[in-house]
There are 2 protein chains.
Amino acid sequence: MGDKVRLAPVGLGRWARVLARGAQRGEVVELASCYSRSEDKRKAFQEEFGIERSAPTYEELLADPELDGVVITTPNDTHRDVVTQALEAGKGVYVDKPIAHTLEDAMAIEEAVRSTGRVFAVGHSARRLAGHRTIKKWLDDGKLGQISLVETNFSNERGLELTEDTWRYYASKSPGGTLIQLGVHHADNMQFLLGPVVSVNANVKKLYTKSEVPDAVMVICEFANGILGYLGCGWASPGVYSMNVLGTKANLFYDLDFTHWDESHLADKYSTLRSQFYGQSERQTVELPPSDMFREQLDEFALAIRGEAVVEVGVDEAVRALAVVRAALESSERKGGAVLIDEVIEEARA
Amino acid sequence: MGDKVRLAPVGLGRWARVLARGAQRGEVVELASCYSRSEDKRKAFQEEFGIERSAPTYEELLADPELDGVVITTPNDTHRDVVTQALEAGKGVYVDKPIAHTLEDAMAIEEAVRSTGRVFAVGHSARRLAGHRTIKKWLDDGKLGQISLVETNFSNERGLELTEDTWRYYASKSPGGTLIQLGVHHADNMQFLLGPVVSVNANVKKLYTKSEVPDAVMVICEFANGILGYLGCGWASPGVYSMNVLGTKANLFYDLDFTHWDESHLADKYSTLRSQFYGQSERQTVELPPSDMFREQLDEFALAIRGEAVVEVGVDEAVRALAVVRAALESSERKGGAVLIDEVIEEARA
């Protein structure tokens, strides 16, 4: 136990539990403390995960000299303060996606990461799914040829369930709704696979949710090399998670059973990746190796704190994913006209 | 035989053969004559399909009093003249999709249909696939709930094979490339299922084809009721034909094996339609009844000539499908900004 990296979950809701289970499947992380404003939540969390202690205030948590880092799952609009405080206290920081609810807040975090030099990781875990890793390998090996279209969808029913007592209900806290909560994953996945998006066109609608935020979004992304990417996300249907890649030599179709999303050590067992070459009447199933995205990203974060790994998704990647969200919202306000990614990033920096 | 409706294929290429086979699977149509400028093609076609006679000129074909109608598969940019001549000669006209290569030509055809009062049908056959018919039934029965997103793709490799001796190579004859040849099908399918598209945003690219026309296209459609529709089409990959519909109660996923597209009596045997309700871990296969889109549309056309059926896809539907193509091309020229469908139709009428 003494060799493990000591991390503390901050914000002890549903997602903290999913990540804690992921961390405890690994051998690198010790959940050494935890923090929430609510004492009841702290006690319940300690009991559930066998965590020895907790801190009654965030300041006391960060003052704990035995703590190496924090795993933050507080609401998006609190990320800036919660992250920068931890960085300035000398802790490594893992924060769930999106990096922040606005690009301005993301820039403040970027500045804190640069000035403190601390380890910083953002939970764009989905790119670690075996399906996406296998697509990457096929791309790198040239098996798909040249890519023309990549199509993604991430949707579920959460928009229909939102109530006024949840922060995701509010446009000021969760701008973009399904786009910033779900779509931002594929904004990262697509850029991981095909390089930077340079511009987007989008149509963003609020159709059936009672909340303030969009529940039907379509975005067209143009990549630096001219490839087109589609990002669809809804918040008013059963769960969908998919990516299709169309190339001059072959196509790949990736489809994940969303009901197993939270159990990342199982997710790829319930996924299918199928290939299609010319003249093939039946698509072929591509074997997927086992993967565990939540465990892997927390292990990597912990090892990075010990100087034994490099964080794959840091500020730069997370800012580019969030910039797609921001640019899409601006595009929709401009009736779908193209918005440049570099432009929204520069505007936020100014 | 005497009771059959006597039709003549006009333009005797690959697609005329696909349609002739469809017509001969039925009991309503007699292929009574045929026409191409090339005598060799006429003779070969007569022999292949057991057609008693052919005409050395189009005028002679249309002067044949025993002929009830024509089945036109000439290049898109010839539709206007070939169609209007036949209508004015008193024949019923079936023309393959798109109705024309420009909305202006489509309007001239519209005028000829109205002034002659003849039977006119456009080959937007795909909406007759059992998958689309079943989706329509689920929509009408309320089994999907309210729809937020519909996503479609129709792609194949033809853009990579285009050479200068084929009309599809040229932007003046086939504006939009894959969008007007393949995407126009889903422009009709989506409007068949969800009502009129009111505006589109699009990004249209020419990436890998040596021809003059686009081979990578993404279009976002907004329907009158706010629903969003995605239309993806490429011309640089193995064949894809799919439609996903996401609703508040359930999702449907339709996927057709493009290698069987030409054999429309088999196409639905090689298709899958799968449903997804809440909490279902596995998607369920939805049984598809047998269908034969090419036969069915030609039977309907022939029966309409006899006054025993009504044409499902006439001028109005075909113009609205082509208008999505035209609006998408204009949107892309305007960097993806929204273009109204009614606006491009009014412009073409003016």
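Mentor: Gladly! A:P98 sits in the loop that runs between strand 4 (92-96) and helix 5 of chain A; helices (H or I, at least four residues) and strands (E, at least two) are DSSP runs, numbered from the N terminus. The model is predicted, so local features need pLDDT of at least 70 and side-chain atom pairs count only at pLDDT 80 or more, while totals for chains, interfaces and linings use all residues. Residues are numbered from 1 along each chain as its sequence is written, chains are lettered from A and ligands numbered from 1 in the order written, and side-chain values use heavy atoms, with hydrogens and water left out.

In chain B, B:K97 and B:P98 are joined by a cis peptide bond with omega about -10°, and B:P98 lies in the loop between strand 4 (92-96) and helix 5 (103-116) of that chain.

Now follow chain A onward. Helix 5 (residues 103-116) of chain A packs with helix 10 (residues 315-333) of chain A at an angle of about 170°, their axes 10 Å apart; axes are lines fitted to C-alpha atoms over the stretch in contact, and angles run from 0 to 180 degrees between N-to-C directions. The two helices of chain A are therefore roughly antiparallel (angles over 145 degrees). Helix 5 of chain A brings residues including A:L103, A:M107 and A:R114 to the contact, and helix 10 of chain A brings A:V315, A:L322 and A:R326 among others (contact means heavy atoms within 4.5 Å). By class, this helix contact has eight nonpolar, no polar and five charged residues (Ala, Val, Leu, Ile, Met, Phe, Trp, Tyr, Cys and Pro are nonpolar; Asp, Glu, Lys and Arg are charged; the others, Gly among them, are polar). In the loop between helix 10 and strand 14 (339-340) of chain A lies A:K335, and its phi is near 55°, positive in a residue other than glycine.

Finally, the chains. Each of chain B and chain A gives 61 residues to their contact. They bury about 4300 Å² between them, 59% of it on carbon and sulfur atoms (accessible area, 1.4 Å probe, that two parts lose on being put together, summed over both). On the chain B side, B:Y208, B:M218 and B:P238 lose the most area to chain A, together 15% of what that side buries. Four salt bridges are counted between the chains (a Lys or Arg side-chain nitrogen within 4 Å of an Asp or Glu carboxyl oxygen). B:E222 makes a salt bridge with A:K205, with the closest N and O atoms 2.7 Å apart.

Note on methods:
Angles under 35 degrees count as roughly parallel, over 145 as roughly antiparallel, 65 to 115 as roughly perpendicular and the rest as oblique.
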